[in-house]
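Biologist: I have a new structure open and a few quick questions. Can we go through it together?
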Amino acid sequence: MTKIDIHQNRPVLIAGPTASGKSALALQIARQQGGVIVNADALQVFDGFRVLTARPDDDDLAQAPHALYGHVAFDQPYSVGAWLRDLEPYLQGQRPIIVGGTGLYFTALTNGLAEIPATPPKTREIADAMALPDLLAALDAATIDRIDTQNRARVQRAWEVQHSTGRGMAVWQDTTAPPRLPLSDVTPIVLDAPKDWLTPRISQRFDQMIDGGALDEARAILPHWHPSLPVAKAIGAPELIAHLNGEMTLAAARDAAVIATRQYAKRQRTWFRKRMRDWAVLDISSTDLSTALRFLP
């Protein structure tokens, strides 16, 4: 088995599909060597759904410093550019252990982010009213090849960029500034979580979320709920809201949320295989972490 060297003063990046154990691995490294665990999950940045988005609990927070979790109001917009700006202070001090499942965040961090002008409100209104196939049909081939075509938010963002600037997202990405953390300067780890291993974990975790208060979180947000809210993209949120509105049973909401989570994990695995070929791969389903990681000063 090839060991992954974890140097004490070298930033660590940990990516992987939902429910694969990323946070546990980050916490193990932090306990062993120190460092601040920094969120790279686009939904864990929001407050409101702590349990449903699997943000660290109080026990985790007591074991190591954490940053960029739940620091954005659930009804406020947030972008990868905003995340990079919020991340910057944590690149200056204690060694960061950056962990999450949002591939775009890691791509922007290690490859650079294009400085694209803000989308005009009128353009966003037009895009909001368009169907996903129509948005996709207007994109150039290079951009389509680089985005998750099942992710409505990513497709719409690409359409808005192309419509408002006259240049495809791929063109903007190809003229980006240098990356903030090149792969050569970090220890990049992507967790390989096979479907047969991950699927039961997803089901079990969602049941634990229900038992842990996810439904109470949905009930608290219900008076403010709208499908356009940024936090509405949290997997399981629309289903729990539908249950609270009397549109489906809790069992049906649970089953629909589990299926949606499996589909999301599949898209994540596809992204990681395609975009993170130069990362160290750790088969989390069969690896003894005590032997796979080598902690160095």
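Biologist: What covers the buried residues of α8?
Modeller: Keep in mind that this is a predicted model. The cover includes α5 (121-128), α6 (132-137), α7 (141-146) and α9 (169-174).

Biologist: Which residues in α8 are buried?
Modeller: Val 155, Gln 156, Ala 158, Trp 159, Glu 160 and Val 161.

Biologist: How many residues does α8 have, and what does it span?
Modeller: Helix α8 has 14 residues, 152-165. From first C-alpha to last it reaches 20 Å, close to the 20 Å expected at 1.5 Å a residue.

Biologist: What happens at the start of α8?
Modeller: A side-chain oxygen of Asn 151 comes to within 3.1 Å of the backbone nitrogen of Ala 153.

Biologist: And what follows α8?
Modeller: Gly 166 does, with a positive phi near 80 degrees.

Biologist: New topic. At what angle do α12 and α13 cross?
Modeller: Roughly 170 degrees, and their axes come within 8 Å. Angles over 145 count as roughly antiparallel, so α12 and α13 are roughly antiparallel to each other.

Biologist: Which residues meet there?
Modeller: From α12, Glu 239, Leu 240 and His 243. From α13, they meet Leu 250, Ala 253, Ala 256, Ala 257 and Ala 260. By class, that contact has six nonpolar, one polar and one charged residues.

Biologist: Back to phi. Where is Ala 19?
Modeller: In the loop between β2 (12-15) and α1 (22-33). Ala 19 has a positive phi, near 70 degrees, though it is not glycine.

Biologist: Is Ala 19 buried or exposed?
Modeller: Buried, with a relative accessible area of 6%.

Biologist: What about phi of Leu 68?
Modeller: Positive, near 65 degrees. Leu 68 is buried too, at 8% relative accessible area.

Notes:
Residues are numbered from 1 along each chain as its sequence is written. Side-chain values use heavy atoms; hydrogens and water are left out. Axes are lines fitted to C-alpha atoms, for helices over the stretch in contact, and angles run from 0 to 180 degrees between N-to-C directions. Helices (H or I, at least four residues) and strands (E, at least two) are DSSP runs, numbered from the N terminus. Angles under 35 degrees count as roughly parallel, over 145 as roughly antiparallel, 65 to 115 as roughly perpendicular and the rest as oblique. Contact means heavy atoms within 4.5 Å. Ala, Val, Leu, Ile, Met, Phe, Trp, Tyr, Cys and Pro count as nonpolar, Asp, Glu, Lys and Arg as charged, and the others, Gly among them, as polar. The expected span of a helix is 1.5 Å times one less than its number of residues. Buried means under 20% relative accessible area, exposed over 50%, partly exposed in between (1.4 Å probe, protein chains only). A polar contact is a pair of N or O atoms within 3.5 Å; within protein, one must be able to donate a hydrogen and the other to accept it, and residues adjacent in sequence count only if both atoms are side-chain atoms.
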